[in-house]
Structures are given as structure tokens and as C-alpha cells.
Amino acid sequence: AIGLSLPNSNMAPAPYESRDDMAVAAGRQVMDLIEWNLRPRDICTREAFMNAARVVAATGGSTNAALHLPAMANEAGIEFDLFDVAEVFKTTPYLADLKPGGKYVAKDMHAAGGVYMLMKTMMANGLLNGDCMTVTGKTLGENIEQITWNPDQKVIYDVEHAITKTGGVVGLKGSLAPEGAIVKVAGMERLQFRGPAQIFECEEDAFTAVEQRKIQEGSVVVIRNEGPKGGPGMREMLATTAALYGQGMGEKVALITDGRFSGATRGFCIGHVGPEAADGGPIGLMEEGDMVNIDAEAGIIDLEVDESVLESRRANFQPQVNDYGSGSLWRYAQNVGPAFQGAVTHPGAKAEKHVYADI
């Protein structure tokens with residue numbers, strides 16, 4: 001979708017021999033790109049990132065895209081953060097019926113025509129910018145012109161008959177997440193949730209509570225100190241969500257974290273809550289039983305605690321000390337920025353005096 005890989009080269013299942021041909025074709029294409037002096041930053045434009053965000057939303061893709069796209073944009077010197085991603089999500093229909101919320105898997109989508117088949121109907125309905133340059137030396141629109149829509153496949157819906165009118169991933173903002181948060185709603189029936197917080201200081205503590213069946217139905221499970229700085233490293237909370245589903249609790253609780261989730265996560269799971277606990281964000285000031293109100297339809301996540309109470313807690317706040325007092329993880333924690341900007345450790349292209357690729 002961004003334009004950095006050859007059309008439909010990235011969805012073939014691992015055992016397929018066609019992947020060998022793709023690797024050879026990619027090598028040839030690199031030589032052409034060098035000859036043409038077409039660089040990644042010629043391809044990685046703001047419009048290309050918007051195209052990519054639309055494809056994520058249309059496929060119910062991983063919430064991690066809200067980290068990857070801002071981080072890539074930082075490398076290219078482009079302002080493009082979680083809120084920009086969320087704005088794109090608001091106007092993108094959900095089109096690919098993929099697990100865990102839908103029926104099919106990536107292999108089925110490949111057989112149906114892959115990402116370019118999806119982009120065919122998106123382009124026809126004005127959802128993509130076709131002027132973006134790609135590694136083929138042609139624009140995205142020119143590449144898509146080579147694709148014929150397959151009306152017989154069942155995986156990818158056309159825009160006029162979308163699974164839902166809005167995308168499979170939603171951005172949230174509110175008093176609990178002034179720097180935003182993100183949730184995957186693909187396949188979910190319940191988009192609102194209000195309940196008291198059950199708070200855990202790390203994923204292991206939450207997982208132990210699930211094992212001991214201490215999670216209360218109707219509660220909002222809070223796993224904090226798992227953000228980029230607090231982790232350090234922003235782990236995914238897949239084990240805890242899987243265990244909750246295994247107990248039949250997946251639809252009966254919500255889970256929020258300053259960490260992140262895997263693309264395989266199911267249920268009302270909100271990640272990337274910022275500012276993170278390690279930075280004294282509201283998620284770090286929460287106390288057991290605080291009421292949390294989430295509305296994924298309206299894009300809201302609020303902590304129902306008076307600001308005066310939060311100020312009092314903030315005055316007494318001490319960030320949790322992690323186990324990494326030296327070495328590379330310590331250094332990472334000192335440098336890493338907020339999740340909504342991609343959790344990057346340096347200012348990227350906007351601060352460059354010299355482009356290291358220019359030799």
C-alpha cells in the first residue's frame with residue numbers, strides 16, 4: 001500500500017515457490033531503482049502513509065500500524081502521528097473478512113487476489129491516492145489499473161457492500177488518554193463499555209490474576225508500566241487476552257494498557273494509552289475501582305475522576321522502577337519517545353544535516 005514492495009509480492013504463504021521468483025524480481029528491481037535514482041523517501045510521502053492506514057482499517061489490521069506508520073514517517077521527516085492515523089480510520093470502511101474478527105486468513109486473501117484486489121475497489125471509490133510513486137517506477141494508480149476485479153471471491157467485499165461503514169481499527173482520546181489510544185473493533189458487537197478498574201502493574205501480575213480467576217465480570221482490566229519507557233520496550237499483551245477468552249471472559253471485560261497488542265488479539269482491548277504510566281500519565285495515577293468510560297463509536301476513553309483528585313495523586317506520584325538500570329534497555333528507556341509519535345528514539349529526517357545514504 002505504501003509502494004515499497006512489488007505489487008502483491010508480500011502475501012504468498014511461506015512454502016510457495018513463487019516467493020523465490022519474487023525475491024529474484026525484487027533484486028532486479030533494486031538495480032533499476034538505483035539506475036533511476038528513485039529513493040525510499042521519494043515513495044514514503046504523507047499520502048502514501050495515508051493509503052497504508054486506509055488498508056489497515058479496511059482489513060481490520062493490527063493496531064501496531066499506529067506505531068509503525070508514525071515511526072516510518074519520522075524517518076522520512078514527515079509529521080504523521082496516531083491522531084493522523086485515527087482520522088484516516090474514521091472514513092474507511094471495513095472490507096476484508098479476516099480473522100480473528102472474520103472468517104478467513106491471509107492465505108485466503110492471497111488466493112482472492114491479495115492487497116491489490118482490495119485496493120482495486122478502494123481506488124474505484126476514491127479511498128486511495130493513486131498518484132503516489134511506487135518501486136515499480138509507476139504510480140499506485142497505474143499499478144492498480146493492471147488488476148481486474150474478481151467478483152467470485154468471498155474474502156474482499158467491494159466498497160458499496162462493505163462489512164461495516166467504518167474501519168476495523170479506531171483511535172480513542174479522552175481524559176484517560178490525552179495522547180490517544182487505539183482499539184481494534186473488527187468483529188466486535190459491543191462498542192461501549194463502562195466499569196471499575198482492576199489495576200495491575202505489569203502483564204505477569206494480570207496473567208496470574210486471570211489464572212486465579214480473580215478478574216471480575218464487568219471490570220476494566222488495567223495493565224500499566226508496559227509502555228515504551230516503562231516496559232521498557234512496549235510488549236504485546238497477547239497472553240492475558242488469550243487466557244481471558246479461554247475462560248469465557250473475553251466479552252465480559254475491557255482491557256486497557258500503555259503497552260500494545262498483537263494482531264491476533266480479540267475483545268475490547270485498548271492499547272497505546274498515552275502518556276504512559278512511566279511518564280505520569282493518567283493511567284499511572286489510576287486507583288483500584290476508578291470508573292472508566294469507553295465509547296469506541298465516539299472515539300472516547302475517559303477516567304471518571306475529578307481533576308483535583310488527579311492533581312493530588314500526581315503530587316505524590318513516583319514512577320515504578322524497572323529491572324533495567326544499565327545497558328542497552330536502560331539507554332533505550334532514556335531516549336524513547338511517546339507511542340503516539342511512533343515510540344522512536346531519535347528525531348529522524350527533520351533533524352538531519354547529512355543523509356547517510358548519500359555517498
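R213 sits in the loop between α9 and β4, where helices (H or I, at least four residues) and strands (E, at least two) are DSSP runs, numbered from the N terminus. Its phi is near 55°, a positive value in a residue other than glycine. The model is predicted, so to speak of a local feature takes pLDDT of at least 70 and a side-chain atom pair counts only at pLDDT 80 or more, while totals for chains, interfaces and linings use all residues. Residues are numbered from 1 along each chain as its sequence is written, and side-chain values use heavy atoms, with hydrogens and water left out.

**Cis peptide bonds**

Two prolines are worth a look in the backbone. The bond from G231 to P232 is cis, with omega near -20°, and P232 belongs to the loop between β4 (220-223) and α10. The bond from G274 to P275 is also cis, with omega near 0°; P275 is found in the loop between β6 (268-271) and α11 (282-285).

**Helix packing**

Two packed helices are described by the angle between their axes and the distance between the axes. Here the axes are lines fitted to C-alpha atoms, for helices over the stretch in contact, and angles run from 0 to 180 degrees between N-to-C directions.

Helix α9 (residues 203-211) packs on helix α10 (residues 238-246) at about 10°, with the axes 9 Å apart. That makes α9 roughly parallel to α10 (angles under 35 degrees count as roughly parallel, over 145 as roughly antiparallel, 65 to 115 as roughly perpendicular and the rest as oblique). E203, A206, F207 and V210 of α9 meet L238, A239, T240, A243 and L244 of α10, contact meaning heavy atoms within 4.5 Å. These residues divide into seven nonpolar, one polar and one charged; Ala, Val, Leu, Ile, Met, Phe, Trp, Tyr, Cys and Pro count as nonpolar, Asp, Glu, Lys and Arg as charged, and the others, Gly among them, as polar.

The axes of α3 and α4 come within 11 Å and cross at roughly 170°, which makes α3 roughly antiparallel to α4. F49, A52, A53 and V56 of α3 touch A65, L69, M72 and A73 of α4, and the contact has eight nonpolar, no polar and no charged residues.

**Pockets**

A pocket, on a 1 Å grid over the protein atoms alone, is an open set of points where a 1.4 Å probe fits, with protein on both sides within 12 Å along at least five of seven lines; lining residues have an atom within 4 Å of a point. Grid points are joined across faces, edges and corners, and a volume is the space filled by probe spheres set on the points.

| Largest | about 570 Å³ | 16 nonpolar, six polar, one charged |

Of the 23 residues lining the largest pocket, N10, V55, V56, T59 and V115 are the closest to its centre. Helices α3 (46-58), α4 (65-76) and α6 (106-112) each supply at least two lining residues, and α4 gives the most, with four.

The second largest pocket has 26 lining residues, with T166, V169, V170, A296 and E297 nearest its centre. Two or more come from each of α5 (82-90) and β1 (169-174), and α5 gives the most, with six.

**Aromatic pairs**

The whole structure holds three aromatic pairs, counted when ring centres of Phe, Tyr and Trp (its six-membered ring) lie within 6.5 Å; planes under 30 degrees apart are stacked, over 60 edge-to-face and the rest tilted. F83 and F340 have ring centres 5.9 Å apart and planes at 50°, so the pair is tilted. F83 in α5 and F340 in the segment after α13 (327-335) are 257 residues apart, linking distant parts of the chain.
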